[in-house]
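Colleague: Hi! Could you walk me through this one?
Modeller: Happy to, let's look together.

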Amino acid sequence: MEQEHFSHRPVLLRECIEALNLRPDGVYLDGTLGRAGHSREIVRRLTTGRLVCIDRDQAALDAARERLDGYMDRVTLVHGNFGDLAALADRLSLPPVDGMLFDLGVSSPQLDDGSRGFSYMHDAPLDMRMDQSAPLTAATIVNQWPREELRRIFRQYGEERYAAQIAGAIVLARESAPIKTTFQLVNIIRSAMPAAALREKQHPAKRSFQAIRIAVNDELSAVDSMLQAAVPLLAPGGRLAVISFHSLEDRIVKNAFAGFAKGCTCPPDFPVCICGKKPTIRLICKKPIVSREAELEENPRARSAKLRVAEKL
Ligand SMILES: C[S@@+](CC[C@H](N)C(=O)[O-])C[C@H]1O[C@@H](n2cnc3c(N)ncnc32)[C@H](O)[C@@H]1O
């Protein structure tokens with residue numbers, strides 16, 4: 001493995017490569033190119049095969065040309081949202097795919113780039129768009145969404161205990177002046193939380209920032225649409241591997257996989273099946289694959305990663 005060349009360490013790299021069951025002449029799709037950590041390991045195992053790489057962040061595609069230097073004859077780069085996977089596949093006239101990987105969430109370079117507004121550790125304009133050509137920014141959400149909508153996203157996407165208090169504090173603050181920067185927002189979030197919560201190990205703004213990021217990028221709907229589109233695009237025996245980083249995403253992946261793997265859904269007292277539902281995948285592992293101790297030691301981000309793998313029937 002060559003991951004030591006990169007500042008961004010691909011999570012569960014070895015496990016993903018194993019899960020994809022790569023064939024040198026196969027067709028593969030990396031739906032979350034990022035800094036091409038996984039893509040590079042996939043493409044270097046291909047000869048006559050092809051790798052389609054998607055990212056909604058143009059910066060990822062620009063950087064990938066360098067990271068994938070020497071392999072670009074086997075790569076197709078696509079700027080797009082994997083939530084539109086069916087349409088993208090149609091546009092590319094994609095043949096049946098032998099393996100797809102989705103490593104969800106933000107990349108380390110997105111978090112580390114102070115100007116993108118993803119991080120509560122850097123002061124920056126409130127942005128958080130993965131696709132910088134998309135219209136909705138964190139500033140719009142924070143300054144214009146109604147209090148109830150803010151409370152809902154903090155509760156639902158951040159699983160934040162103090163959702164109502166934080167939404168209230170934001171609405172109060174923006175009555176005096178627009179909230180423009182990440183640090184202004186961090187201070188407002190802090191002001192809404194009790195002293196005991198501020199002493200917890202986790203940064204007080206972590207959950208609220210996660211919630212706003214999910215809303216800005218409509219992340220959960222994209223995962224749902226992607227899963228529905230991915231299975232029909234796979235060749236028989238093709239693999240689908242998805243890495244999630246929080247319970248909301250993992251629940252969507254787990255439930256979708258369970259639904260695809262299940263056959264007849266008729267009530268048990270029906271004498272014959274009338275639904276006609278057949279399983280379309282089999283689960284490669286019942287429980288999600290998590291990082292080994294050695295990976296956790298060198299990459300703390302891997303701690304919350306869960307990899308689920310399925311095979312098309
Ligand atoms: C965790 S990073 C992937 C890192 C990559 N596997 C690597 O090793 O370098 C996730 C990437 O997926 C992209 N992304 C997230 N959601 C997306 C979506 N709905 N459509 C397309 N790209 C998306 C982000 O812009 C980010 O670059």
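Colleague: Which residues have the most contacts inside the largest nonpolar core?
Modeller: Phe-154, Tyr-157, Ile-166, Ile-170, Leu-185, Phe-209 and Ile-212, in a core of 37 residues. A nonpolar core is a set of buried Ala, Val, Leu, Ile, Met, Phe, Trp, Tyr and Cys residues joined through side-chain atoms within 4.5 Å, and buried means under 20% relative accessible area, exposed over 50%, partly exposed in between (1.4 Å probe, protein chains only). This is a predicted model: local features need pLDDT of at least 70, side-chain atom pairs count only at pLDDT 80 or more, and totals for chains, interfaces and linings use all residues. Residues are numbered from 1 along each chain as its sequence is written, and side-chain values use heavy atoms, leaving out hydrogens and water.

Colleague: What is Ile-166 in contact with, leaving aside its neighbours within four places in sequence?
Modeller: Its partners are Phe-154, Glu-160, Ile-189, Ala-192, Met-193 and Ser-208; contact means heavy atoms within 4.5 Å.

Colleague: New topic: how many salt bridges are there in the whole structure?
Modeller: A search finds 16, each a side-chain nitrogen of Lys or Arg within 4 Å of a carboxyl oxygen of Asp or Glu. In one of them, Arg-292 pairs with Glu-15, with the closest N and O atoms 2.9 Å apart.

Colleague: Is Glu-15 buried or exposed?
Modeller: Glu-15 is buried, at 9% relative accessible area, while Arg-292 is partly exposed at 45%.

Colleague: And what does Arg-239 pair with?
Modeller: Arg-239 forms a salt bridge with Glu-311 (2.8 Å, N to O), and both are buried. Glu-311 also bridges to Arg-282, at 3.2 Å between the closest N and O atoms.
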